Amino acid sequence: MRASDDPAVAIVTGGGGDLGRATAMRLARDGVAVTLLDNSLIGAQRTLAEVEANGGRGLALAVDVTRADTLAGALDAVENAFGGVTILVNCAGIEGTVSPIDTYPEDVFDRVMAVNVKGVFLAMQATIPRMIARGRGTVVNVASTSAIRGRGGLAGYVASKHAVLGLTRVAAIDVAGSGVRVNAVLPGPIAGRMIESMESQSGDGIQRATVAALARPEDVAAAIAFLASKDACHVNGAALVVDDGSTLI
Ligand SMILES: NC(=O)c1ccc[n+]([C@@H]2O[C@H](COP(=O)([O-])OP(=O)(O)OC[C@H]3O[C@@H](n4cnc5c(N)ncnc54)[C@H](O)[C@@H]3O)[C@@H](O)[C@H]2O)c1
């Protein structure tokens with residue numbers, strides 16, 4: 001069997017969250033072994049239980065994506081269990097605080113950048129060399145429509161998602177020709193915990209103001225699965241917006 005025919009092995013950071021869970025379920029349905037990395041082990045285990053209940057397989061591991069050492073240990077565990085990682089989905093993220101720029105707390109800004117930006121950087125840095133060594137791999141970074149537009153009160157989040165798109169483009173250029181691809185998905189608001197948190201903090205629903213309908217996590221997971229699949233073999237460095245057209249206005 002050639003390396004490119006080996007079964008797919010995925011890591012989903014933030015695998016205990018709403019989108020991570022839907023992505024894991026979708027990849028598992030496509031026959032992929034899915035490991036959930038989350039700093040909430042309970043969340044990751046909950047997703048794994050759903051994956052296994054539907055006939056899939058995987059691991060649930062406690063990992064803080066801001067720490068390179070825990071990421072490296074997780075990669076070793078996945079390789080021992082299933083073989084080399086072929087898909088990395090960087091889904092871990094936090095929304096931070098909703099507050100105008102003049103009062104936005106510095107410590108929250110630092111934490112949002114650490115998780116949303118450095119976490120993506122470290123996960124790619126840990127995984128991509130192993131993918132390149134095998135000549136095969138695909139990374140999907142979960143950015144947001146906040147990567148291509150401003151949103152009042154979300155300094156940390158919006159800055160971080162612009163940065164994720166920049167990181168994606170740099171990595172895509174760096175891996176070109178190696179058999180590895182790096183793309184970003186840019187969802188609009190998704191039904192679930194994060195948007196509820198933003199809306200409850202903002203009071204007047206600043207997020208919803210320009211949006212016709214919330215996406216289901218499954219809608220975004222389908223776009224992630226496409227970018228991770230061989231159907232997207234010629235797609236590298238792309239920013240796939242999944243927002244029902246709401247950023248066009
Ligand atoms: N929900 C939305 O409306 C929306 C829209 C666009 C993009 N996104 C992005 O999608 C991704 C997933 O969001 P979600 O809606 O599933 O949110 P969520 O809060 O349900 O899930 C996020 C997950 O990340 C985990 N996490 C947080 N910090 C971590 C860390 N340091 N290390 C490891 N795991 C950590 C959390 O425990 C949680 O399980 C995020 O990057 C988010 O910015 C969400």
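This is a predicted model: local features need pLDDT of at least 70, side-chain atom pairs count only at pLDDT 80 or more; totals for chains, interfaces and linings use all residues.

Mentor: Residues are numbered from 1 along each chain as its sequence is written.

Trainee: Which residues come nearest to the ligand?

Mentor: A residue is near a molecule if its C-beta atom, placed from the backbone, lies within 6 Å of it. Here 30 residues are around the ligand, and G14, G17, L19, G93 and M194 come nearest. Two or more residues of this shell come from each of α1 (18–29), α4 (106–134) and α6 (193–202). Such helices (H or I, at least four residues) and strands (E, at least two) are DSSP runs, numbered from the N terminus.

Trainee: How do the residues of the shell around the ligand divide by class?

Mentor: Ala, Val, Leu, Ile, Met, Phe, Trp, Tyr, Cys and Pro count as nonpolar, Asp, Glu, Lys and Arg as charged, and the others, Gly among them, as polar. The shell has 13 nonpolar, 13 polar and 4 charged residues.

Trainee: Now the helices. At what angle do the axes of α1 and α2 cross?

Mentor: Axes are lines fitted to C-alpha atoms, for helices over the stretch in contact, and angles run from 0 to 180 degrees between N-to-C directions. The axes of α1 and helix α2 (residues 41–53) cross at roughly 25° and come within 10 Å. α1 and α2 are therefore roughly parallel to each other; angles under 35 degrees count as roughly parallel, over 145 as roughly antiparallel, 65 to 115 as roughly perpendicular and the rest as oblique. Their crossing is right-handed. A crossing is right-handed if the near helix is turned clockwise from the far one by less than a right angle, and left-handed if anticlockwise.

Trainee: Which residues of α1 and α2 meet?

Mentor: Two residues are in contact if their C-beta atoms, placed from the backbone, lie within 7 Å. On the α1 side these are G20, R21, A24, M25 and A28, and on the α2 side T47, E50 and V51. By class, this contact has 4 nonpolar, 2 polar and 2 charged residues.

Trainee: How are α1 and α7 placed to each other?

Mentor: The axes of α1 and helix α7 (residues 217–228) come within 8 Å, with a crossing at roughly 55°, and the two helices are therefore oblique to each other. α1 passes α7 in a right-handed crossing. From α1, D18, L19, R21, A22, T23, R26 and L27 meet P217, E218, V220, A221, A222, I224 and A225 of α7. That contact holds 9 nonpolar, 1 polar and 4 charged residues.

Trainee: What about α3 and α4?

Mentor: Helix α3 (residues 68–82) and α4 have axes that come within 9 Å and cross at roughly 35°. α3 passes α4 in a right-handed crossing. A68, L71, A72 and L75 in α3 meet L122, A123, A126, T127 and R130 in α4, and by class the contact has 7 nonpolar, 1 polar and 1 charged residues.

Trainee: Where are D243 and D244 found?

Mentor: D243 lies in the segment after β7, and D244 is found in the segment after β7 (239–242) too. D243 is buried, with 22 other C-beta atoms within 10 Å. Leaving aside neighbours within four places in sequence, D243 is in contact with T145, P187 and G188. D244 counts as partly exposed, with 14 C-beta neighbours inside 10 Å.

Trainee: What is the phi of D244?

Mentor: Most residues other than glycine have a negative phi. D244 is not a glycine, yet has a positive phi of about 60°.

Terms used
A residue is buried if 20 or more other C-beta atoms lie within 10 Å of its own, exposed if 12 or fewer, and partly exposed in between; C-beta atoms are placed from the backbone.
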